[in-house]
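With the structure open in your viewer, please follow the stops below in order, selecting the named residues at each one before reading on.

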Amino acid sequence: MREPALSRQQTLALTGTAVLVLAPHMLYLPPVVAALSALFLLWRGVNAWRKVAPPGRIVLLPIAVASIAVVLWSVGNVFGKMPGLALLALFMPLKLLEARNRRDGRAALLLGCFLLMGLFLHEQNMLTAVLALIGTVAVLASFAMLQQARAPSLAGLREIGLLMAQAVPLLVVLFVLFPRIDGPLWGLPLDQTAGRSGLSDTMEPGSISELIMNGEIAFRVEFQGAVPPASQRYWRGPVLTRFDGRRWQPLFTGFESTPAYTPRGPVYDYSITLEPHNQRWLMALDYPVSAEATHLFSYDYTLLSRVPVRNRMRYTLRSQPQAPVEQRLSRYILLAARQLPEGYNPRSLAIGAQWKAESEDPDTRLGNVLDFMRRAGLRYTLTPPVLGQHSADEFLFDTREGFCEHFSSAFVVLARAAGLPARVVTGYQGGEINPLDRTLVVRQSDAHAWAEVWLDDARGWQRVDPTAASYPTRIESGLGQALGDDALPFMLRTNNDWVLAMRHRWEAINNGWNQWVLGYNAQRQAELMRRLGLGSGGWHAMVGLMAMAAGAWMLWIALRLLPRAPRRDALDKLWHRFCARLAARGHPRLAWEPASTYAERVVRNKPELAALRDIAEQYEQLRYGRSAPDQSSLAALRALMRQLGKT
């Protein structure tokens with residue numbers, strides 16, 4: 001059979017559906033691919049509006065080949081997540097551009113289904129799910145429009161809603177029982193973290209201040225009890241010991257399964273939901289004293305994962321910020337923490353050497369360093385000037401403007417020059433408590449750098465925050481108070497109540513989505529299987545449960561589709577009872593027989609039942625009349641039937 005041609009209304013509806021499907025991808029596609037996709041859709045929409053015939057293959061074939069070349073040029077290859085999505089984003093509008101009949105329209109909609117699934121390769125948050133749901137409704141409505149050859153209507157949308165509601169039980173079964181695989185969606189670890197911004201394992205002037213304008217959430221914390229004060233919310237990340245004059249880098253120190261320090265002081269129990277960053281280090285409150293079996297403790301007190309964090313991770317910790325962190329490793333760590341490169345920062349080295357010559361007491365030397373930085377008139381700013389080769393000297397003696405990485409780097413240089421082992425610690429400081437779900441939200445903009453100084457074997461490493469020494473409001477009241485809210489992005493400001501309330505609501509909802517939907521991993525699935533009495537919940541048990549649940553769902557759908565006897569109202573019940581009494585007297589009504597025909601046949605054989613004609617006529621008037629039968633008309637009909645029954 002020849003497929004019917006697409007109408008103008010159907011073509012416009014298909015183009016609108018393509019816009020809904022492609023719009024969420026535009027932020028992730030290469031700009032040239034997004035522009036071409038939008039241009040093709042606009043071309044198709046204008047053609048449909050002006051009733052212009054689609055271009056022929058002689059025009060579209062070179063365009064398709066050129067589209068592949070554009071993807072190869074903009075992405076670099078034709079294999080992987082981004083090239084595949086870019087090709088789909090171009091081929092769907094191209095298919096619509098050549099669409100002439102309903103078959104072409106259905107093919108374009110199938111490409112749209114793949115694009116809807118591809119949304120979850122970008123992000124898996126709740127907004128993505130909502131956009132995918134909107135696109136799914138649009139695709140189903142377009143499929144129904146093509147199948148039934150009618151324009152979309154509210155009745156059609158109700159049918160689609162019923163269809164999707166019937167699929168919900170199967171959706172729940174697949175979500176709960178389908179074997180969960182730890183790792184990025186569909187095994188794409190490289191694509192999952194490509195281009196992801198966040199804290200790095202190196203530091204140089206300007207590297208942390210670049211994160212301040214980034215409002216993305218780095219991790220969330222739920223405390224099982226008291227929340228530590230702001231002065232103790234130091235979330236430890238990479239520790240940087242090696243310094244080449246400009247860049248700080250970590251020093252490999254080894255690791256163990258237990259911490260290399262003695263727990264002491266107040267205890268904080270908490271759970272962290274960490275966003276993926278493709279590194280092995282985990283964020284933890286200084287200092288973690290117990291962790292999960294898959295975690296490791298490095299000798300510089302950084303908590304590590306055995307594998308890179310390539311998907312969202314939730315873990316439970318216990319920390320004691322006041323625990324003394326004495327050194328248990330060989331002295332080469334202390335030696336590395338004293339070294340400074342030759343030919344850099346001569347003024348800082350000279351003043352440090354003077355303090356070293358004046359006193360052998362490490363506390364006195366540390367006090368000299370802090371006093372010097374307090375009196376230097378340093379200014380805390382988000383836009384410091386560019387520094388040259390002697391970055392510490394230029395910051396301390398010339399520009400006197402910097403961010404936390406400038407403060408911490410210059411402090412460690414001065415401390416080492418004074419003969420004190422010192423190193424830079426990077427991580428996050430502070431966090432904002434969401435009043436709706438009581439979680440502590442730590443953003444990329446909370447990235448911070450501080451220092452640690454070794455004083456003696458009894459006290460070990462001591463945290464020193466040079467930024468806090470010069471600008472205590474940064475630690476006590478947050479970044480907005482130290483820099484001013486106007487220096488932060490609009491959505492990160494705290495001086496607008498309605499913006500703050502809106503942000504808190506959205507983040508609380510998104511956190512619930514992360515915990516209950518995205519957080520349903522292999523471990524939680526195994527726990528559910530154990531609660532159901534299925535042991536460890538191997539894939540055989542889960543496949544069996546899925547088969548049984550899917551079978552029960554299909555049986556329920558089949559039972560609902562079985563033909564059912566029509567429901568009868570009071571008039572039909574009265575008529576069928578009357579016909580049953582006449583059948584008992586030897587005058588049955590045939591199933592196909594109308595009331596008047598039935599009455600004529602009976603009266604022809606039994607003239608004494610002539611009143612049956614009036615009963616049949618009154619029944620048909622009540623059944624097929626414009627107004628519904630009322631109680632009085634039913635009572636009159638019932639009286640006629642009783643009178644005939646006495647005949």
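Select R236 to begin: in this predicted model, R236 is buried, with a relative accessible area of 1%. Because E452 belongs to strand β17 (residues 447-454) and R236 to strand β2 (residues 234-243), the pair ties together parts that are 216 residues apart in sequence.

Next, select D572 and R623, whose closest N and O atoms are 3.2 Å apart in a salt bridge. Here helix α20 (residues 570-584) supplies D572 and helix α22 (residues 611-624) supplies R623, so the pair ties together parts 51 residues apart in sequence. D572 counts as buried at 16% relative accessibility, whereas R623 is partly exposed at 23%.

Now turn to the open sheet of 6 strands, which runs in the order β8-β11-β5-β1-β16-β15 with antiparallel pairing. β8 (288-290) and β15 (432-433) stand at its edges, each with a single partner strand, so one side of each has no neighbour in the sheet. Within the sheet, select β1 (residues 217-223) and β16 (residues 440-443), which pair over 4 bridges, and find V221, whose bridge partner in β16 is L440. Finally, show helix α17 (residues 497-518), which lies across β1, β5, β11, β15 and β16 and runs at about 80° to β1.

Note on methods: Residues numbered from 1 in each chain as written. Predicted model: local features only at pLDDT ≥ 70, side-chain atom pairs only at ≥ 80, totals over all residues. Heavy atoms only, no water. Pairing = 2+ DSSP bridges. Helix = DSSP H or I, 4+ residues; strand = E, 2+ residues; numbered from the N terminus. Contact = heavy atoms within 4.5 Å. Axes fitted to C-alpha atoms, helices over the stretch in contact; angles between N-to-C directions. Buried < 20%, exposed > 50% of the residue type's maximum accessible area, 1.4 Å probe, protein only. Salt bridge = Lys/Arg side-chain N within 4 Å of Asp/Glu carboxyl O.
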